[in-house]
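Hello,

Here is the structure I promised to hand over. Please open it alongside this email.

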Amino acid sequence: MGIVVEIINRTGHVQHCQIFDKNSITVGRAYTNDVVIADTYVDPVHASISCSGDGNRETDFTCQDHSSVNGIFDIKGRKQKIQSHWHSGQVISLGKTLLRITSPSIPVPPATRLSAWEKASDILTQTRVIIFVSSLCLLLATIDVYLSSFAVADKASEYTAVLYLWLALVFYAGIFAFLGKAFRQDSRFWLYYTLICGSTILVMSYDLLSGLIFFNLNLGVSSWFNIIAYILIIALLLNFSIRFALSVKTITRIAIVSIIPSLVLINLAIQMKNDSEFNWRPQYDVTAYTQTLYLAKPKTKADVLTSSQTLYKKR
């Protein structure tokens, strides 16, 4: 018999694990407890946990609350009684700390096989890859600034845009590295840096080549196609970044990265619908007609003939 206590975060990842070869332990902030929790919302001796099962998957645990200030809650936020009973694997909340109580006899699931994404993340964090994408991104940004402002004599202010771009890349990588560290997952800064550099290279390459492609293929200027291309690149970037930084399901990632693109596409569809080029119904203003209808006075046949003759003479 024994008790396993796991301190987990909000995403369910284990931050600390302790195994006890006895059937009763105490939990609290005091150093005399078996499980010491550094949480100011936890009492010095908050509760005691004892094992009352036979060591199988249906092991039961009994929790005794020692008149704590904030009490004990389950994962659904329901406050527990002074003495409550749990099954193995149940998550409870003491203060702002989440504990999962299990038995050491319960079998641990096998290890998860490394996916191709994990191997790709290792490649993206290699020094030569970081230097390559940084150099290519800087080169394309310089070319783009030069072509967009070739007539300007003093280009010092123009080239500061390259510095701002690099700072934006570092800021983006720092945000996802912080998220990965906060949730105790992948916090590699250079991984997200190479991802954002790669997406920036795609955007700038498209900007440099799109005009040439559309002109030679006689496709005209398609601003809506540019918007769709940018949205696709941004959505893929966010999807890969969230995949590496946070362990969320595929459906959740798709839902997150599709919010902004969906709003942009909806706005684009509304603009296209209101555009006369895409609308089969001609645009006309009926205000003058309705005002005439409302203000017009009944006329006799003679008045109509007189008005017609006057208009004919003027012509």
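Predicted model: local features only at pLDDT ≥ 70, side-chain atom pairs only at ≥ 80, totals over all residues.

Start with the open sheet of 5 strands. Its order is S2-S1-S10-S9-S7, and the pairing is antiparallel. Strand S2 (14-20) and strand S7 (72-74) are the edge strands, each pairing on one side only. On average, neighbouring strands here are turned by 30° against each other, direction ignored.

Now look at strand S10, residues 97-102. Of its 6 residues, 5 are buried, so the strand is mostly covered. Strand S1 (residues 3-8) runs antiparallel to S10 and is joined to it by 5 bridges. Valine 4 sits opposite threonine 102 of S10. Strand S9 (residues 90-94) also pairs with S10, antiparallel, over 5 bridges. There, glutamine 90 has isoleucine 101 as its bridge partner in S10. S9 and S10 make a hairpin with 2 residues between them. Glycine 95, in that turn, has a positive phi of about 65°.

S7 and S9 are joined by 3 bridges, again in the antiparallel sense. Isoleucine 72 has leucine 94 of S9 as its bridge partner.

A loop residue

Glutamine 80 lies in the loop between S7 and strand S8 (83-87). Is glutamine 80 buried or exposed? Its relative accessible area is 18%; the cut-off for buried is under 20%, so glutamine 80 counts as buried. Its side chain reaches the backbone oxygen of arginine 78 at 3.2 Å. Leaving out residues up to four places away in sequence, glutamine 80 touches Ile72, Phe73, Asp74 and Trp86.

Aromatic pairs

The count comes to 6 aromatic pairs. One of them is tyrosine 172 with phenylalanine 176. This pair is tilted, at 4.9 Å centre to centre and 50° between the planes. The two residues are 4 apart in helix H3 (residues 156-182), so about one helical turn separates them. Both are buried: tyrosine 172 has a relative accessible area of 15%, and phenylalanine 176 is at 9%.

Tyrosine 206 and tyrosine 230 form an edge-to-face pair, with 5.7 Å centre to centre and 85° between the planes. This pair links distant parts of the chain. Tyrosine 206 is in helix H4 (residues 189-216), tyrosine 230 is in helix H5 (residues 223-245), and they are 24 residues apart. Tyrosine 206 is buried at 17% relative accessible area, whereas tyrosine 230 is partly exposed at 26%.

Finally, Tyr172, Phe176 and Tyr192 form one aromatic cluster.

Best wishes

Technical notes: Residues numbered from 1 in each chain as written. Heavy atoms only, no water. Buried < 20%, exposed > 50% of the residue type's maximum accessible area, 1.4 Å probe, protein only. Pairing = 2+ DSSP bridges. Axes fitted to C-alpha atoms, helices over the stretch in contact; angles between N-to-C directions. Polar contact = N/O pair within 3.5 Å; in protein donor to acceptor, adjacent residues only side chain to side chain. Contact = heavy atoms within 4.5 Å. Phe/Tyr/Trp six-rings, centres within 6.5 Å; stacked < 30°, edge-to-face > 60°.
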